[in-house]
Amino acid sequence: EHQIVQGLQVLGFRFRRNCAGRHLSYRLQVCEGGAGKKNGLVCGSLCGAFGPDRDLRGTPDDQARSIDYVKGCIDHMVVLGCPVLAGPVYSAVGRADAVPDKEKKAQWKLVTKNLKKICKYAEKKGVIIAMEPLNRFE
């Protein structure tokens, strides 16, 4: 990776690696530096990372963190001219709880309530959310 970074720096790319979502920031800085556009690179989509603390059906803190994270991704997308956010926006990857129907319905209501907030924000910013469905093995 270090050689790739050095090679891209020669072309004028800048990198930032010091925050919690460092892979996201690393890629964003590549495009934000202007070198991406200068070298014909387009940011066609951004893939969100949804770990255990980003879950629209999780604890209230998890929900708030997830909403803030997705809104932050959307804000970066606007800067990049990126039209699509992809990923399992509604759930943490790896969550495969078998829950009773009553709990499933409660989770569904919670997720749809939170997704409405996120989708309204995305619509205002002019971006699309491509939701990745997770199966019980993920």
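In which sense do strand S2 and S3 pair, and over how many bridges? Strand S2 (residues 84-87) and S3 pair in the parallel sense, over 4 bridges. This is a predicted model, in which local features need pLDDT of at least 70 and side-chain atom pairs count only at pLDDT 80 or more, while totals for chains, interfaces and linings use all residues. Residues are numbered from 1 along each chain as its sequence is written, and side-chain values use heavy atoms, with hydrogens and water left out.

**The overall layout**
- The chain holds 5 helices and 3 strands; helices (H or I, at least four residues) and strands (E, at least two) are DSSP runs, numbered from the N terminus.
- Reading from the N terminus, the elements follow the order α-α-α-β-α-β-α-β.
- Of the chain's 138 residues, 34% count as buried, where buried means under 20% relative accessible area, exposed over 50%, and partly exposed in between (1.4 Å probe, protein chains only).
- Take the contacts between residues at least 6 apart in sequence: 64% of them join residues at least 24 apart. Contact here means heavy atoms within 4.5 Å.

**The sheet**
- The 3 strands form an open sheet in the order S1-S2-S3, with parallel pairing; two strands pair if DSSP finds at least two bridges between them.
- Strand S1 (46-47) and strand S3 (128-131) are the edge strands, each pairing on one side only.
- Leu-85 stands opposite Ile-129 in S3.
- Helix H4 lies across S1 and S2, and runs at about 145° to S2. For such angles, axes are lines fitted to C-alpha atoms (for helices, over the stretch in contact), and angles run from 0 to 180 degrees between N-to-C directions.

**The nonpolar core**
- In soluble globular proteins, nonpolar side chains tend to be buried together.
- A nonpolar core is a set of buried Ala, Val, Leu, Ile, Met, Phe, Trp, Tyr and Cys residues joined through side-chain atoms within 4.5 Å.
- The largest one here has 22 residues, and Leu-56, Val-70, Ile-74 and Met-77 touch the most other members.
- Helix H4 (60-80) and helix H5 (101-125) each supply at least two residues of this core, and H4 gives the most, with 7 residues.
- Beyond its neighbours within four places in sequence, Ile-74 is in contact with Ile-118, Tyr-121, Ala-122, Lys-125 and Val-127.

- Gln-63 lies in helix H4, while Asn-114 has its place in helix H5.
- Are these two buried or exposed? Asn-114 is buried, with a relative accessible area of 1%, and Gln-63 also counts as buried, at 11% relative accessibility.
- Their side chains make a polar contact (3.0 Å). A polar contact is a pair of N or O atoms within 3.5 Å; within protein, one must be able to donate a hydrogen and the other to accept it, and residues adjacent in sequence count only if both atoms are side-chain atoms.
- Not counting residues up to four places away in sequence, Asn-114 touches Leu-56, Gln-63 and Ile-67.
- Gln-63 and Leu-110 are 47 residues apart in sequence and 9.3 Å apart in space, C-alpha to C-alpha.

**The cysteines**
- The count of disulfides (pairs of cysteine sulfur atoms within 2.5 Å) comes to 0.
- Cys-73 is buried, with a relative accessible area of 2%, and Cys-82 is buried, with a relative accessible area of 2%.
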